[in-house]
Amino acid sequence: MVTLQRVQLQTLLLLLFVVHLSRPVCVDVASDTEAVLGNNMRLTCISCLKREEVKSTTTVNWYFTSKENENSTSSRIHIYKHEKGTSESVDGHFNGRLVWNGSQDLQDVSIWIVNVSESDRGFYECYVHRQFDFGGFIYDSLTNKNITLTVKEKASNDTTAIYSEIMMYVLLVFLTLWLLVEMVYCYRKISKSDEQAQDTATNYLAVPSEQKDNPVAPVTE
């Protein structure tokens with residue numbers, strides 16, 4: 001019974017360790033830049049927090065400059081804002097076609113463009129403004145990401161993306177199998193060690209008490 005409880009406890013500790021390693025991690029990835037006419041397009045903007053335990057206030061603003069006015073900063077328009085848990089489309093160019101797609105911790109502050117049109121091609125800017133509260137001391141941080149979006153009538157076949165996705169799933173399967181093998185190996189090793197300890201204890205108990213009390217004296221010449 002003690003052996004079974006010990007194995008269960010060690011297995012539980014191993015699983016907790018694996019869960020700790022597999023918890024979500026913020027990864028800063030670039031956005032796709034090719035949209036298909038009439039489809040939905042996700043504009044990815046990720047701003048990872050280096051210290052998640054520090055209290056912060058986050059404001060997100062998205063700006064758009066059309067392809068025709070790409071070199072003119074005065075033509076930049078404010079299209080979307082997310083602040084204090086509320087989101088709103090600021091400019092009427094997109095006519096309510098912008099949808100918030102960020103994460104709850106506001107490390108991912110991406111948006112969707114619904115029903116992409118020809119006029120959506122251009123230059124997008126994502127600004128993430130954070131105010132960190134260090135117990136009375138306020139620190140401001142501003143991060144911006146730029147996306148140049150093109151619009152095509154049909155999606156092009158990206159063999160590199162397909163290959164990368166396949167390799168990712170192969171790697172996940174391999175790591176899962178490796179973890180299972182390690183768990184089985186550890187379980188068998190622990191069980192074998194406990195069986196040997198039990199056999200030693202059983203053999204000791206099987207020795208008559210007289211031999212335990214009066215061990216045989218060594219023979220001297």
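1. Read along the sequence, the protein chain has the order α-β-β-β-β-β-β-β-β-β-α-α, which amounts to three helices and nine strands. Helices (H or I, at least four residues) and strands (E, at least two) are DSSP runs, numbered from the N terminus.

2. The model is predicted: local features need pLDDT of at least 70, side-chain atom pairs count only at pLDDT 80 or more, and totals for chains, interfaces and linings use all residues. Residues are numbered from 1 along each chain as its sequence is written, and side-chain values use heavy atoms, with hydrogens and water left out.

3. Of the 221 residues in the protein chain, 23% are buried (buried is under 20% relative accessible area, exposed over 50%, partly exposed in between; 1.4 Å probe, protein chains only). Among contacts (heavy atoms within 4.5 Å) with a separation of 6 or more, 58% involve residues 24 or more positions apart.

4. The accessible surface of the chain is about 16100 Å², with 57% belonging to carbon and sulfur atoms; accessible areas come from the Shrake-Rupley method with a 1.4 Å probe, and for residues only the protein chains shown count as cover. Leu171, Phe174, Leu175 and Trp178 make a nonpolar surface patch of about 440 Å². Such patches consist of residues with over 30% relative accessible area and no salt bridge, nonpolar side chains (Val, Leu, Ile, Met, Phe, Trp, Tyr) being joined within 5 Å and like charges within 9 Å. Trp178 lies in helix H2 (residues 159–206) and is partly exposed, at 47% relative accessible area.

5. Three strands form an open sheet in the order S2-S7-S6, with antiparallel pairing; two strands pair if DSSP finds at least two bridges between them. Strand S2 (41–43) and strand S6 (98–100) are the edge strands, each pairing on one side only. Three bridges join S6 to strand S7 (residues 111–113), and Trp100 stands opposite Ile111 in S7.

6. Seven salt bridges are counted, a salt bridge being a side-chain nitrogen of Lys or Arg within 4 Å of a carboxyl oxygen of Asp or Glu. One of them joins Arg42 and Asp108, with the closest N and O atoms 2.7 Å apart. This pair links distant parts of the chain, Arg42 being in strand S2 and Asp108 in the loop between S6 and S7, 66 residues apart. Arg42 is partly exposed at 23% relative accessibility, whereas Asp108 is buried at 17%.

7. Asp28 and Lys145 also meet in a salt bridge (3.0 Å, N to O). Asp28 lies in the loop between helix H1 (2–21) and strand S1 (34–36), and Lys145 in strand S9 (residues 138–152), 117 residues apart.
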